[in-house]
Amino acid sequence: MEKLVITAAICGAEVTKENNPAVPYTVEEIVREAKSAYAAGAAVIHLHVREDDGTPTQSKERFQACIEAILKECPDVIVQPSTGGAVGMTDLERLQSTEVTPTPEFATLDCGTLNFGGDEIFVNSDNTIFNFAKIMKERGIKPELEVFDKGMIDIALKADKKGLLVHPLHFDFVLGVQMTATVRDLSFMAGSIPAGATWTASGIGRHEFDMAAVAIVMGGHVRVGFEDNLYLEKGVLAKSNGELVKKAAELAKLLGREIASPDEARQILGIGK
Ligand code: KMH
Ligand code: ZN
């Protein structure tokens, strides 16, 4: 089986230090968390950034500072900025993360609108999705297609039909927000994407490691990190993203899957093609 690409979603836009004191806000804290994840085997850092007080931002300058600082410490890691940002941000705000120099090699592309808990709605109209896809294609950025349910796979395939995506497609199945996170759900999602496409599973909250284990066995890839889950095990907060990555890497070892380096991940995911 192909080597396993581990993505670390180190920060997110929603979790706070009140939830887990190790959630990073400052540039230094973001670098600390990226470094710990990279050292434990993460090939990809999925990046959101914050102001020093924790407020989520898509500021180009803040992304620039964080990416430069991460690459100083982890020179070959794949940094994947979020274009999702936080609920309520405008498209123009969100796209700033793709405007840094050098242009990112990878970024997220959210493929539909969803309920985000309580009154929150994360809005991604078809036109937003197609426009983001077009811009990423023009800038040579590989999109990770963030799909929170099966309908979003179908929207991504509409963008593909319009010629807005470059193959191989890469999907991230985010399970446990809008769609439940069961083995049945994950295998339905994995069975619903075109042949040749690659995929990652992101299980939210307590589903993080069961979805990781299933993805490892199925030949998919794995995302862990504070954005998705704050706990190493029931009742035990993770002290770092590195601890979460280490647990995913241990699962892979137990199940006989080797871990991909960043360069191997570029090959596997077709980044830079
Ligand atoms: N924070 C969510 C509203 C992404 O990074 O592209 C969007 C999100 C997806 O996290
Ligand atoms: Zn994200």
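This is a predicted model: local features need pLDDT of at least 70, side-chain atom pairs count only at pLDDT 80 or more; totals for chains, interfaces and linings use all residues.

Visitor: Which residues coordinate the zinc ion (ligand 2)?

Guide: Donors are N, O and S atoms within 2.8 Å of the metal (3.2 Å for Na, K and Ca); water is not among the atoms, so sites may look incomplete. Here H46 (NE2), H48 (NE2) and E227 (OE) coordinate the zinc ion (ligand 2), at 2.1 Å. Along the chain these donors have the spacing H-x1-H-x178-E. H46 belongs to strand β2 (residues 44-47) and E227 to the loop between β12 (221-224) and β13 (231-233), so the pair ties together parts that are 181 residues apart in sequence. Helices (H or I, at least four residues) and strands (E, at least two) are DSSP runs, numbered from the N terminus.

Visitor: Is H46 buried or exposed?

Guide: Buried means under 20% relative accessible area, exposed over 50%, and partly exposed in between (1.4 Å probe, protein chains only). H46 has a relative accessible area of 2%, so H46 is buried. G140, in the loop between α4 (126-139) and β9 (142-147), is exposed, with a relative accessible area of 55%.

Visitor: Which residues have the most contacts inside the largest nonpolar core?

Guide: A nonpolar core is a set of buried Ala, Val, Leu, Ile, Met, Phe, Trp, Tyr and Cys residues joined through side-chain atoms within 4.5 Å. The largest one has 82 residues, and L47, F171 and F173 have the most contacts inside it. Apart from that core lies another, of 10 residues, including I78, F106, A265 and I271. Contact means heavy atoms within 4.5 Å. Not counting residues up to four places away in sequence, F173 touches, among others, V147, I153, L186 and W199.

Visitor: Which residues form an aromatic cluster?

Guide: Rings of Phe, Tyr and Trp (its six-membered ring) pair if their centres lie within 6.5 Å; planes under 30 degrees apart count as stacked, over 60 as edge-to-face and the rest as tilted. By this rule there are 3 aromatic pairs, and F171, F173 and W199 form one cluster.

Visitor: Over which ring does the charged end of K247 sit?

Guide: A charge sits over a ring if NZ of Lys or CZ of Arg is within 6 Å of the ring centre and within 35 degrees of the ring normal. The charged end of K247 sits over the ring of F209, 4.4 Å from its centre. Likewise, the charged end of K17 sits over the ring of Y25, at 4.6 Å from the centre.

Visitor: How many disulfides does a search of the whole structure find?

Guide: A disulfide is a covalent bond between the sulfur atoms of two cysteines. The criterion is a pair of cysteine sulfur atoms within 2.5 Å. The search finds 0 disulfides. For C11, the nearest cysteine sulfur is that of C66, 8.2 Å away. The sulfur of C74 is 12 Å from the closest cysteine sulfur, in C66, which is too far for a bond. C11 counts as buried, at 0% relative accessibility, and C74 also counts as buried, at 0%.

Visitor: Which peptide bonds are cis?

Guide: Most residues other than glycine have a negative phi, and most peptide bonds are trans. The bond from T101 to P102 is cis, with omega near -10°, and P102 is in the loop between α3 (91-95) and β6 (106-110). Another cis bond joins H167 and P168, with omega about 0°; P168 is in the loop between α5 (150-161) and β10.

Key
Residues are numbered from 1 along each chain as its sequence is written. Chains are lettered from A and ligands numbered from 1 in the order in which they are written. Side-chain values use heavy atoms; hydrogens and water are left out.
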